[in-house]
Amino acid sequence: QDPAGLSRIPVELVYGNLVGPRISLVKPPTTEKPHKIDGIVVSLKEGEPGKFTCYVTPERKVIYKTEVDKFCYSRYQENYNSPLPFYGFAILSIWFPIIVAVIYSLGVRSRVEEIDSSNEPQIQGEAENQVQDRTFYVYYFYFFHLAIRVLSGILFTILQFALFFPSGFDSKFSCKRRTAFTSKTPVNASDILLNSTTISCENLSASEKLVWWVMVSVLNIGVASVMLVEWIRLCRRFPTCDTEFITDYLLRKHYGRVKSYQLTNLQECIDFYKGQVLEPFRTTDVISGPKTGLDDLYVDVVIHTERAPHKFSKDMQRHEIFDVYMDVPPDSVRLEEVKDLFYPNKDTKDKFPRKILAVGRPGIGKTVLTERIMRDWANGVDIFYRRKIVFYFKFRWFDSNELKDITLKAFLRYGTGLSDEKFERIYQDITNRPEKAILIFDGLDEFSGNVDCLDHLPPPNDPNISMSGISLFIKLISGRVLPKATVLVTSRPTANDFYSRLTFDRTVEILGFTSDKIEKYVSQFCDNNNRGNLKEKIWKHIKSSSDLLNLCYIPVNCLIVCTILFECVSDPRNDTDAVPTTVTELYQLAITYFDKHHNRKLSGQSSEEAIRKLQLLAYDGIERMRLVFDEEPFDEEMKNSGLLNSLSSPIKTQFCFIHLTIQEFLAARHVTETFTPEKIKEFILSHIENGKWHLVLQFIAGQLGKKNGYKDCVLAFAERFVREDGIFDVTDNSVFVMKCLREVDDEDIVELACETTGMNDVVSVRYDGISNLTSSDCAAVTFVCKHLKKLTILDFALGDSNEESYPEINKLLEQRCIKQLHLIGSLYDGLEAGHLFKALVKSNCSLKHEHAKLTKLFIRWFRVTDEESSSMMHEFFKNGHASYLEELHLQYCEVSSRGVSILCEVLGNKLCPELTCLDLTNTGILDESVALVLCNALIEQKLFTLTELFLGGCSLTDECVSSLCEVLTDERCKLTVLSLEENKGISDEGLRILCRSALTMEHCKLEKLNLSRCSLTDECIPDLRNALRDEHCMLTKLSLRGNKFTEEGKKSL
């Protein structure tokens, strides 16, 4: 009767006689009412002829009246029931929705029975062996059947009012008799001539039909409206799976009382588990203030349809470049909130992802992300977490003996930390409905086992069989156990050999902080420590140092920088300028701070002996790939150290360092404090190709820079410097070497390395922009390049992913001279060239070598649009800094009118007397500038040193060609290469002028001419053919692609 009940007609059919007599909680609907309605409609149809009468003169015979009634009734039927009788339309309107509902109920019958049986009370064994097959997707079937009922109701209504019965049924009807009736009874002559007689008739059942006409329309509109409301309501509460829809949406009225006690028990267990997750001790490893909780932390994650390209050496296992890559690939989708990890998007083809991989660099916030998900679930922050149960695992746990041989049930309990009694009901629920499970596995790179475990799994998928934890993980993520469960895996990129062999529905890369995020973090940090007045001071110091700013892009480094600077600026006795600028210095202060302030004993700070033991333990752990340690090696003082975390294992107490980078720093100290110089050098050479030691080696380099007598050890890093024919390509491996040399923080040692190793032969440094060069990477590269005495060519493609490196390049140009500079900027957000010209103007080379003058300047995708850029470019040319310039390339650079004037002044005043090549491709220069100023400069100022001129994409028209011809025909002109491509304003007329006034002239020296993608047609071909035949034409290369030539024209040419 109510709308909700009306929308459930097909569901009640399922629960009624179509499924079976077993369901008796709701009285099944019957077809009694539809049968009654059908009877009324049929009786109405059968009684209507008897209630239709026509009025004829009394003297007419009865038989005549009968024939008139029949004739006029048939005309009435044609007028009001054509082409479908009303009774047929009414029966169709009533029965069609019922037929659709019956088809739906029969289609979902087996699936509903399966779920229905799974919701009945079962013993544990039955629950564990519950069938998990999916026969139909009831949700989509139900959704589709609702759509049919909505559309059918709308269609029937439109047909009723627009086609079949637009005006209802009139009780008065006029009938015209056009032909005489034949009858066995004789009639007089007047009865035969009735062709034009109008007969008045009356339908006494018209009022009843009109009532039913209204009722049918109301029924169709009402059902369609109710179905539409149900359809919209269903769209707004999209279920996570078919099972949830059936049990929570369709069966809720039938099993609420039967299962209330069991659900209460289950909910009590889940609530207890959530309370345990929300306990204060489950927070991030390192806190940033007395008011800080995990809910205050944030991470920035983006979805990648495929990960940004990273180049690693072949044998890398778990480590990667330390600094964060900040830019997002253009085809990625940015996640605004953590919960969006689990929702569909274009990267998952709009399907819910079941297997998710989250990749991130050291300290980037992977563990914080997983902990945040746990807390969001416990707090119920989103509907997705409703009715879900989250299980949490760390891959480092898989090394423990407890997870070497374990059943699925024990494994899942391990991921909750619950007792057997509390976990029992949760386990039963998960095995029955695995789609409720969210399994989080943190730190795949921390798994120390062999990747070959993927090929040697125990064959049975029986959850009662014991196997290793890693085997259970593989079975879970492959769907062999607990199918439909959601699995989230986090890892460093260097576990690629492992996770590349698994299939994921979504890959997520976790980004570090952007500049605004760093500033926000500093503000939050100061607030958490109740010193908001220090925000501006700390942020100003970080912003003023590119080294510190580069470090802060990684969240854990940002925490450490903030902690150390906070200590410095809050203590009036400290000099605020004495702050760390290298990673090593930063971690040295961090070790002291965390050990002192986070120590668990009242006396604070561990003894030197305890620190040495921790250093040895850290080194052995990395050597053996152990990041979690049992309790045995630790004495009481070590246990109290602020550098360790006590893990809340449900089985036994274990320890790990507060962060992997802390362990790596301590391992580096063990090497530099206990190894001899010879052994340190051997260690560097033997481990430099192994990715898991890269950060340790970087820390070793920083620590050696503070020691005397270890120069040979530092030079060992440079021995692996690879170059070919004096050309050094910037790759991930070479960048790592340069970062180690930068970490030494000793200019004399780096200069010595550049003079005594293969680095001394480097003439050209080249970076193609394919790999991801961070700002700190670039800082290391430029730091070393500053000391390469033979370096004359710098070729850098910054691109959209490496804009942060631009200031570092400018810093290098200020400190040393370069002969040839190739710099490619940003395609989408062109960089202002003012900073570049300013660096070239301020260039003051400090090296003791033959001073090199800039002879080639090639820049692409830069802007000269603001006043500062225009002024600096003017100063660069005017004050003699470009006096030796032979080639000037400003490709795809946005140049303002002021910039154009400066270029013309450069040519007109001979500020570049040695210039032979001028490239203004796609600078947007207007034809007036080129025709009136540029050409005048070339002719009037007698500047005929140019041999190559590129004016492609400069909006030139036919009017410019005449001026160019004047230049080309001067006997002093040396131009041999001219490019006018992509100038749509140059048409057939412009080419005719060029052919007749230049190419056929005696003094024209053009050898290469590019007219690609102009507006040329077949009409210019005769002139071009004549010019090419001319004896004065010296062309050897002619480019015409992208014009409007026909095949005949091409053949003629």
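Visitor: What makes C54 and C201 a disulfide?

Guide: This is a predicted model, and in it the sulfur atoms of C54 and C201 are 2.2 Å apart. The cut-off for a disulfide is a sulfur pair within 2.5 Å, so C54 and C201 form one.

Visitor: What kind of bond is that?

Guide: A disulfide is a covalent bond between the sulfur atoms of two cysteines.

Visitor: Which hand does the link of C54 and C201 have?

Guide: The angle about the S-S bond is 95°, and the link is right-handed. The pair joins distant parts of the chain: C54 belongs to strand β1 (residues 52–55), C201 to strand β3 (residues 197–203), and the two are 147 residues apart.

Visitor: Why is C54 called buried?

Guide: The relative accessibility of C54 is 1%. Buried means under 20%, so C54 counts as buried.

Visitor: How do you know whether C72 and C175 are buried or exposed?

Guide: C72 has 0% relative accessibility and counts as buried. C175, at 2%, counts as buried as well.

Visitor: What is the pairing of the bonded cysteines in sequence order?

Guide: Numbered that way, the pairing is 1-4, 2-3.

Visitor: What makes C713 and C912 count as buried or exposed?

Guide: C713 has a relative accessible area of 2%, so it is buried. C912 also has 2%, and is buried.

Visitor: How is the packing of two helices described?

Guide: Two packed helices are described by the angle between their axes and the distance between the axes.

Visitor: Why are α36 and α37 called roughly parallel?

Guide: The axes of α36 (residues 958–968) and α37 (residues 988–999) cross at roughly 15° and come within 9 Å. Angles under 35 degrees count as roughly parallel, and the two helices are therefore roughly parallel to each other. The crossing is right-handed.

Visitor: Which residues make the contact of α36 with α37?

Guide: On α36 they are D958, V961, S962, C965 and L968, and on α37 they are E989, G990, I993, L994, S997 and A998. By class, this contact has six nonpolar, three polar and two charged residues.

Visitor: What makes α37 and α38 roughly parallel?

Guide: Helix α38 (residues 1021–1029) packs against α37 at an angle of about 20°, with the axes 9 Å apart. The angle is under 35 degrees, and therefore α37 and α38 are roughly parallel. Here α37 passes α38 in a left-handed crossing.

Visitor: Which residues form the contact of α37 with α38, and how many are charged?

Guide: α37 brings L991, R992, C995, R996 and L999, while α38 brings D1023, L1024 and A1027. Three of the residues in this contact are charged, five are nonpolar and none is polar.

Methods: Residues numbered from 1 in each chain as written. Predicted model: local features only at pLDDT ≥ 70, side-chain atom pairs only at ≥ 80, totals over all residues. Heavy atoms only, no water. Axes fitted to C-alpha atoms, helices over the stretch in contact; angles between N-to-C directions. Helix = DSSP H or I, 4+ residues; strand = E, 2+ residues; numbered from the N terminus. Parallel < 35°, antiparallel > 145°, perpendicular 65-115°, else oblique. Left-handed = near helix turned anticlockwise from the far one by under 90°. Contact = heavy atoms within 4.5 Å. Nonpolar A, V, L, I, M, F, W, Y, C, P; charged D, E, K, R; others polar. Buried < 20%, exposed > 50% of the residue type's maximum accessible area, 1.4 Å probe, protein only.
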